[in-house]
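Here are a few quick notes on the aromatic contacts, for you to read with the model open.

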Amino acid sequence: MVDFSLTPEQESLRDLARKFARTEMAPHAAECDKTARFPEEIYRKAYELGLMNLNVPSEYGGSGLGVFEQCLLVEELAYACGGMTTSIIANCLALEPILLGGTPEQRQRFLAPFCAEYHLASFCLTEPTGGSDAAALRTRARRDGDHYVLDGEKCFITNAPHASLYTVFATVDPEKRTKGITAFVVPRSARGVAPGRDEEKMGHRASSTSTVRFEGVEVPEADRLGAEGEGFAIAMRTLDQTRTPIGALATGIAQAALDHAAAYSLKRVTFGKPIAEHEAIQIKLANMAQAVRAARLLTWNAAWTIDGGRKGTLESSIAKCFASDAALHVADEAIQTFGGYGYMKEYPVEKLLRDAKLTQIYEGANEIQRTVIARELLREYA
Amino acid sequence: MSAGGVLVVAELRDGHAAPATREAIAVARELSGGEPLSAVVLGTGSAAAATELGRFGVTRVLLSEAAGAESPASAAVGIAQAAERAGASTVLLVGSSWGRDLVGRLAVRWNAAAATGVTEVTRSDGVLRVRRPVFGGRATETRRLDGARAVIALRPHAFAPASESVGTAAVEPLPDVEVPAPLRTPKRVALEAASAGSGPSLADASIVVSGGRGVRTPENFRLIEELAASLGAAVGASRAVTDAGWRPTSFQVGQTGRAVSPQLYVAVGISGAIQHIVGMVSSRVIVAINSDASAPIFKVADYGVVGDLFQIVPALTQEIRRVRGLG
Amino acid sequence: MQIVVCVKPVPEAETRLRVATGGATFDPEGVKFVLAGYDESAVEQALLLKESVPGSSVHVVSAGPGPRTEEVLRSAIALGCDRATWVELPGEAASDPIAAARAVAPALENPPPDLVLCGKQAGDDEAGLFFSALGELLGVPSFGFVVDLRWDAARTAFTFQRPTEAGAERWEAPGTVVVGLQQAWNDPRTAKLPNILKSRRAPIAKVVATPAPATNRSEAFALPPPRTGARMIDYKTPEDAAQQLVRILREDAKVFP
């Protein structure tokens, strides 16, 4: 990456997302956060404009964007509301296993009708007994003739109560650990699929999260993605693709926090001058600005690496880990800049901290990101 | 640039010269520096208007009572003819809807430089210069008009009208001029006179009175409307008011509503959130009325009244009506 | 129906205006030029008419320098315009609306359109001269301040309203007209992502125009002095406040009607 500027096409895409974010999402962000309302009308509009299913190739009706363009869009959306963005991009996470592990026939059969209309999908990996330790999942897939029977419970699944499609990771043999995990595509309409009640969350409250129980769910063999035992690899390769846009999501939240803090510091007067003229605030703003820019550039670098055909695990883990930590820190400092007003829900900054926190946890907790970074890094020295 | 005469285009309104024409006459008098002033009037009733124009210092009135002058295309033909006959090098008019629409046509037909929305006109060393607001009033530009001829449309209410003087105008009917058939085919099928209750539209009004959350209830918003009516102003509202459904979104002034740049903007019970400010900050004069002395609106206003709007606004409306003789 | 819509690239609304060195014009450095304001409404109106009259097409035309003019044409294509023509003109000529109209008129003659739609005025100079000059050059009627433009198939005529100082006018125009649009029926649509991507590859016809001699030029571009805060009125009674305010508006500010 020798040119840090955007092409006119990239600028047009970014402008589309920015306009949508500022005019459709931002006016409702506070209200949805307060009432934990799932703004389906906004998600539908995102779909209509082509802002969903970003990673699905256009031959199946998706937007067919590379990771870099996805990051440009995701940052703009997250600037307006992290929670709405999580729900909008959850489709990308759920559909990626089909792209990576599905046959051409499966891709056509699942993706084309899905993308032809407004639909939500959920990626079902995490369980009560295994989040970071995904290999410890317990959902069973028992073979019965030409189909499997799924039994188990997933938790913290984004969009689950509203999804029409689930990509589910279950094990055909718990003894085999990762080598038993298998990926399946399960429609909502299948008997025995039971999404739970919406969880009450700290942030991302416009996004819907719940458990999903699978009780004797019959899944035809034709709906299995890849071979038995390939599911864990599919899941990891999926996360390799979706990790970087989370860096962009965190960057969007961080940028919003910085913008609020900087604008406020020019208006708020204490001790006879705007607080922007107090060194304590200047140092904060300087650190915040560095963090935001670094987050963005690390994210861009990871995206460029992956779009260039490389795996980019090191780069994407660094981007996600750094950007999410930056978002939390920048939001925290933004509240501090606002002082007492920052603590009040009437002002927009405390929401940013609550939204930033999740980015350190989901799509691979930052502790795991750090072990991945160390592992990838040390390869270079071995 | 040759110093030919100035021709004023008088606009007809209800069979009389429109009041705004007097503004154009005032400017023409300055520009022509004592030279005899000509005017052109087009349309039915122009003969009656001609006599009125004489009372403001116009000495020669060219007129044509032929039908069709309400169409800018036909009017431009007639004015070009009058300009030739008057030997004018500058045509001046007020940029009303009718006036503005014909300037571009006249400029092409008569081969002249053109400017609209002009707030200042000067001639020095034979060079004509105009000043006009641009970018929604956020800046002004000064343009130099080159060439032998110029058509200038003044911004309405930007100039003081000409005072009355003793005088009569020589009236000269213009020969019928051939207007090409394609230009004659559009027909004005109706003219609904502006009713007393409806004020000017937000987009073009030179005075806007806006109300915000401070008015507290939708019924109280009539205080804003009464104040607006007393000033002949358009009515605007902050987003809080339109979001609450007290008035339709077409009233909303602000970042997601419309931007206005009138001569006078009166903000009543509006705190001055940035989203509202960007929609009105380029108004020439801003007056704010609010009970909160620290409201941000007072940072952008030119004049401020801190007080209870339920007392201030009715008093203001009454005083304005008294001064304007509205009874 | 063959519809032509003429648009102009203008600085986006949030631009911080700066004076260029020399003080004659605004500084275009770093400024983003977009399709905006009344021009956006004109494109929307053209597309609505196209959708309501089967077999219609929209030809979008813009005069100006690259790359801003080409970008604005691509925005219009992404919204749904069928073909585009870029009349290449240097910036100074493009900023004279009459010169721009002279450059554009020849590009519209083949085939002659049924309707020419423009915004009533551009977002930067707000001159409102382009559409009427174009009408004169094409030899067809022109009208500005147009709202509620419709095609009446039964009478084969365009109908529209013009709000004026005297009241609301209603017009009927059976032939080709040039319209300076004030408002379309609906909010302008947003281009969808797949169409944005397609617009990047769409062909744009290019015409290099020899600019007509300039009839006027900008000598000074000035920003108003920054506001310093309100002069607060001290009063004893509401009536006192009212009297002071009216006097100030009449005598000091000179904005009293």
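**Notes on the rings**

1. Start with Trp304(A): the charged end of Arg310(A) sits over its ring, 5.4 Å from the centre. Sitting over a ring here means NZ of Lys or CZ of Arg within 6 Å of the ring centre and within 35 degrees of the ring normal. Arg109(A) likewise lies over the face of Phe110(A), at 4.6 Å from the ring centre.

2. Before going on: this is a predicted model, with local features needing pLDDT of at least 70 and side-chain atom pairs counting only at pLDDT 80 or more, while totals for chains, interfaces and linings use all residues. Residues are numbered from 1 along each chain as its sequence is written, chains are lettered from A in the order written, and side-chain values use heavy atoms, leaving out hydrogens and water.

3. Rings of Phe, Tyr and Trp (its six-membered ring) pair if their centres lie within 6.5 Å; planes under 30 degrees apart are stacked, over 60 edge-to-face, the rest tilted. By this rule there are 15 aromatic pairs over all chains. One is Tyr166(A) with Phe214(A), edge-to-face at 6.3 Å centre to centre and 90° between the planes. This pair links strand β4 (residues 165–171) and strand β7 (residues 209–220) of chain A, 48 residues apart (strands being DSSP runs of E, at least two residues, numbered from the N terminus). Both Tyr166(A) and Phe214(A) are buried, i.e. under 20% relative accessible area with a 1.4 Å probe, protein chains only.

4. In chain A, Tyr264(A), Phe338(A), Tyr341(A) and Tyr347(A) make up one aromatic cluster.

5. Over in chain C, Phe143(C) and Trp171(C) are both buried.

Definitions and conventions:
Helix = DSSP H or I, 4+ residues; strand = E, 2+ residues; numbered from the N terminus. Buried < 20%, exposed > 50% of the residue type's maximum accessible area, 1.4 Å probe, protein only.
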